[in-house]
Amino acid sequence: MDRNTLIMIILFPVLIALQVLICNHIMLFNVAVPFIYIYFILRLPVGMSKNWLFTVSFLLGFFIDLFSDTPGVNSLASILLAGMKQPIFYAYVPRDDKTKNIIPSINSLGWQNYSKYLISMSGFFCLIYFCIEFFNFANPLEILLMTLASSVLTFGILYGVDSLISSGNTSKHFSV
């Protein structure tokens with residue numbers, strides 16, 4: 001079992017517990033909610049089978065929904081995020097054999113590409129999440145404000161988490 005597989009096995013229950021026990025109870029200025037559990041989906045290899053990616057994403061969202069009393073919101077948002085993983089990743093990184101099975105991180109992509117990937121994925125997730133949660137567009141300004149604030153907060157936390165996890169791995173990063 002390699003280091004990345006071990007990290008992912010440990011990360012799955014840890015991120016669920018952190019999201020349910022801590023992050024679900026944080027709401028900065030009544031607009032910003034951190035969604036740290038999406039880090040698991042973002043960290044999965046880009047070339048992972050779609051079936052496995054959607055299954056793991058659904059299970060992750062399902063467990064968050066189960067413990068958060070949000071029936072289906074996190075599951076649907078997680079599946080949609082998984083569906084957009086490759087298109088958003090390849091918007092910033094050229095598609096070739098070197099990037100086929102890459103695990104997105106600061107070390108593998110460099111801070112610029114990883115930052116663009118992370119903020120795009122966080123923004124997409126938050127937009128989908130709040131559109132599903134509100135289930136109407138009666139107050140689009142509130143949805144937009146919550147999306148932007150939550151995206152920035154989530155980005156900051158996930159960038160820090162990735163810096164800590166990737167600090168021990170000093171592999172050469174991909175450059176464009």
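Reader: As what does Pro94 count, judged by its relative accessibility?

Author: Pro94, at 37% relative accessibility, counts as partly exposed, and its place is the loop between helix 4 and helix 5 (106-109). Ile7, by contrast, lies in helix 1 and is buried, with a relative accessible area of 16%. Between the C-alpha atoms of Pro94 and Ile7 there are 26 Å in space, for 87 residues in sequence. Ile7 and Val20 are 13 residues apart in sequence, and their C-alpha atoms are 20 Å apart.

Reader: What should be kept in mind about the model itself?

Author: This is a predicted model, in which local features need pLDDT of at least 70 and side-chain atom pairs count only at pLDDT 80 or more, while totals for chains, interfaces and linings use all residues. Residues are numbered from 1 along each chain as its sequence is written, and side-chain values use heavy atoms, with hydrogens and water left out.

Reader: How many residues does helix 3 have, and what span does it reach from its first C-alpha to its last?

Author: Helices here are DSSP runs (H or I, at least four residues; strands are E, at least two), numbered from the N terminus, and the expected span is 1.5 Å times one less than the number of residues. Helix 3 (residues 50-68) has 19 residues and reaches 26 Å, close to the 27 Å expected. Helix 6, with 24 residues, reaches 34 Å from its first C-alpha to its last, close to the 34 Å expected.

Reader: Which residues of helix 3 are buried, and against which helices do they pack?

Author: An α-helix has 3.6 residues a turn, so residues three or four places apart point the same way. In helix 3 the buried residues are Leu53, Val56, Ser57, Leu60, Gly61, Ile64, Asp65 and Ser68. They pack against helix 1 (3-21), helix 2 (38-43) and helix 4 (73-92), where contact means heavy atoms within 4.5 Å.

Reader: At what angle do helix 1 and helix 3 cross?

Author: Two packed helices are described by the angle between their axes and the distance between the axes. Axes are lines fitted to C-alpha atoms, for helices over the stretch in contact, with angles from 0 to 180 degrees between N-to-C directions. Helix 1 and helix 3 cross at roughly 35°, and their axes come within 10 Å. The crossing is right-handed (the near helix is turned clockwise from the far one by less than a right angle, whereas anticlockwise is left-handed). From helix 1, Phe12, Ile16, Gln19 and Val20 meet Val56, Leu59, Leu60, Phe63, Ile64, Phe67 and Ser68 of helix 3. By class, this contact of helix 1 with helix 3 has nine nonpolar, two polar and no charged residues (Ala, Val, Leu, Ile, Met, Phe, Trp, Tyr, Cys and Pro count as nonpolar, Asp, Glu, Lys and Arg as charged, and the others, Gly among them, as polar).

Reader: How are helix 4 and helix 6 placed relative to each other?

Author: The axes of helix 4 and helix 6 come within 9 Å and cross at roughly 150°. The two helices are therefore roughly antiparallel to each other (angles over 145 degrees; under 35 is roughly parallel, 65 to 115 roughly perpendicular, and the rest oblique). Helix 4 and helix 6 also make a right-handed crossing. Among the residues in contact are Leu80, Leu81 and Met84 of helix 4 and Met121, Phe124 and Phe125 of helix 6. The contact of helix 4 with helix 6 divides into 16 nonpolar, four polar and two charged residues.

Reader: At what angle does helix 6 pack with helix 7?

Author: Helix 6 (residues 111-134) and helix 7 (residues 140-166) pack at about 140°, with axes 8 Å apart, which makes helix 6 oblique to helix 7. Their crossing is right-handed. The contact of helix 6 with helix 7 has 14 nonpolar, seven polar and two charged residues.

Technical notes. Buried < 20%, exposed > 50% of the residue type's maximum accessible area, 1.4 Å probe, protein only.
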